[in-house]
Amino acid sequence: MQQPTSIDVHTHYVPRQWPDLRAVTDSDFEWPWLRIENERDAVVMFGTKDFRKIQSDAWDAEVRLADMDAAGVDIQVVSPTPAFFSYAAPADDAVKVSRIFNDLALEICAPAPERLLPFAQVPLQDIDAACAELDRCMALGHAGVEIGNHVGDRDLDDAQIVTFLQHCAAIGAPVFVHPWDMADSPRLQRWMAQWLTGMPAETHLSILALILGGTLDRVSSDLKLCFAHGGGSFAFWVGRMDNAWHRRPDLVATSEHPPSHYLSRFSVDSAVFEPNALRLLVDTMGTDNVMLGSDYPYPLGEQSAGSLIRSADFLDDQTRNKLLRGNAEQFLGLPSPVNEPSIAPLAATPR
Ligand code: CO
């Protein structure tokens with residue numbers, strides 16, 4: 001392979017065999033269930049409503065590994081599908097459900113534990129339980145945690161969520177933040193608008209809360225955070241936020257520094273599809289803070305993981321390698337492969 005192999009930090013799984021959650025929980029919460037169509041196809045259901053068609057690449061390690069080989073992906077971070085977070089469920093039940101999904105994630109990844117790294121889900125509505133479940137999962141072999149970008153009306157500056165993030169920093173668990181539970185209205189029910197405009201806005205709002213809510217002033221700089229979908233609309237609008245921080249300090253200057261000061265404190269994935277958008281991300285976030293993320297295996301993901309980074313003619317080889325692999329090694333705490341061919345640093349990064 002001519003280009004270095006890669007690490008994909010944004011993929012999802014759905015276990016094919018998960019139990020009837022109504023039978024293992026005490027509440028009448030509307031849990032998802034899986035309608036099996038045949039060996040390859042299934043539909044995630046909420047009540048009588050089809051939520052998403054899925055295929056065996058969601059649960060079958062062999063299928064995933066073949067797709068990874070075809071795309072030049074060495075390692076996938078295998079995260080929950082956000083619809084299963086269940087943060088609105090009673091905490092006791094959410095604990096049980098998290099354990100079920102997290103244990104099934106380990107089973108899915110077991111055939112290739114060096115290549116499929118599960119990220120846990122936690123019952124974030126109960127921070128003690130969330131910390132305990134994360135500890136349990138990290139001891140069992142999970143590599144980090146995926147969280148939703150909010151819990152009801154609580155954002156990433158909520159005191160309880162900050163406590164959880166501080167715990168992640170303390171135990172060295174990387175955190176992948178995924179938008180979910182997008183605002184809804186009839187205007188957002190056309191054209192997948194919740195996904196096309198809601199998700200980028202959700203992620204932008206989360207980063208805003210992380211910064212202006214003072215989370216990054218309070219939490220350890222050891223915290224390793226990555227936001228999905230290129231950080232949503234954040235990078236494009238960081239100048240607008242800085243301007244507001246300076247021009248309306250009475251409302252906005254609630255963090256110690258303007259938003260652009262904190263750009264080195266978190267990462268974003270590369271799932272933005274357009275070379276110009278990737279260039280903006282690299283220019284804004286820095287070459288250390290962008291990582292390959294494809295959103296595999298879902299239809300709104302990059303169909304050949306890493307193709308945008310591999311084909312971006314404005315990236316030098318060193319930067320390309322960081323985006324494809326090196327930054328994710330840092331994020332995940334993985335050693336660099338000893339036999340990796342060395343790439344001579346360039347004198348300057350073309351912009
Ligand atoms: Co995703």
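Strands β6 and β7 pair in the parallel sense over 2 bridges, pairing being assigned where DSSP finds at least two bridges between two strands. Helices (H or I, at least four residues) and strands (E, at least two) are DSSP runs, numbered from the N terminus. Together with helix α4 (residues 127-140), β6 and β7 make a right-handed β-α-β unit. A crossover counts as right-handed if, with the strands pointing away from the viewer, the path from the first strand over the helix to the second runs clockwise. This is a predicted model in which local features need pLDDT of at least 70 and side-chain atom pairs count only at pLDDT 80 or more, whereas totals for chains, interfaces and linings use all residues. Residues are numbered from 1 along each chain as its sequence is written, and side-chain values use heavy atoms, with hydrogens and water left out.

Strand β6 is largely enclosed by the rest of the structure, because 5 of its 5 residues are buried. Buried means under 20% relative accessible area, exposed over 50%, and partly exposed in between (1.4 Å probe, protein chains only). Leu-116, Pro-118 and Ala-120 are buried on one side of β6, and Leu-117 and Phe-119 on the other, which leaves both faces covered. β6 also pairs with β5 in the parallel sense, over 3 bridges. Pro-118 of β6 is the bridge partner of Val-78.

These strands belong to an open sheet of 8 strands with parallel pairing, in the order β1-β5-β6-β7-β8-β9-β10-β11. Its edge strands, β1 (6-12) and β11 (290-291), each pair on one side only. Within the sheet, strand β7 (residues 144-148) runs parallel to β8 and is joined to it by 4 bridges; Gly-148 stands opposite His-178 in β8. A right-handed β-α-β unit is made by β7, helix α5 (residues 159-171) and β8. In β8, Val-175 and Val-177 point one way and Phe-176 and His-178 the other way, and all are buried. β8 and β9 pair in the parallel sense over 3 bridges, with Leu-225 in β9 as the bridge partner of Val-175. Strand β9 (residues 225-227) in turn pairs with strand β10 (residues 267-269), again in the parallel sense, over 2 bridges. Val-268 in β10 is the bridge partner of Phe-227.

Helix α6 (residues 193-212) packs on the sheet and touches β8 (175-178) and β9, its direction making about 150 degrees with that of β9. Contact means heavy atoms within 4.5 Å. Axes are lines fitted to C-alpha atoms, for helices over the stretch in contact, and angles run from 0 to 180 degrees between N-to-C directions. Ser-206 has its place in helix α6 and is buried, with a relative accessible area of 0%. Not counting residues up to four places away in sequence, Ser-206 touches Asn-149, Leu-156 and Phe-227. Ser-206 and Gly-231 are 25 residues apart in sequence, with a C-alpha to C-alpha distance of 9.1 Å. Helix α12 (residues 317-332) lies across β1, β5 (73-79), β6 (116-120), β8, β9 and β11, and runs at about 70 degrees to β1.

The cobalt ion is coordinated by His-10 (NE2), His-12 (NE2), His-178 (NE2) and Asp-295 (OD), at 2.0 to 2.1 Å. Donors are N, O and S atoms within 2.8 Å of the metal (3.2 Å for Na, K and Ca); water is not among the atoms, so sites may look incomplete. The spacing of the donor residues in sequence is H-x1-H-x165-H-x116-D. Angles among the 4 donor atoms range from 81 to 163 degrees, and the site is irregular. Four donors count as tetrahedral if all angles lie between 85 and 135 degrees; four count as square planar and six as octahedral if opposite donors are over 155 degrees apart and all others between 65 and 115; anything else is irregular.

β2 and strand β3 (residues 41-46) run antiparallel and are joined by 5 bridges, and Ala-42 in β3 is the bridge partner of Ile-36.
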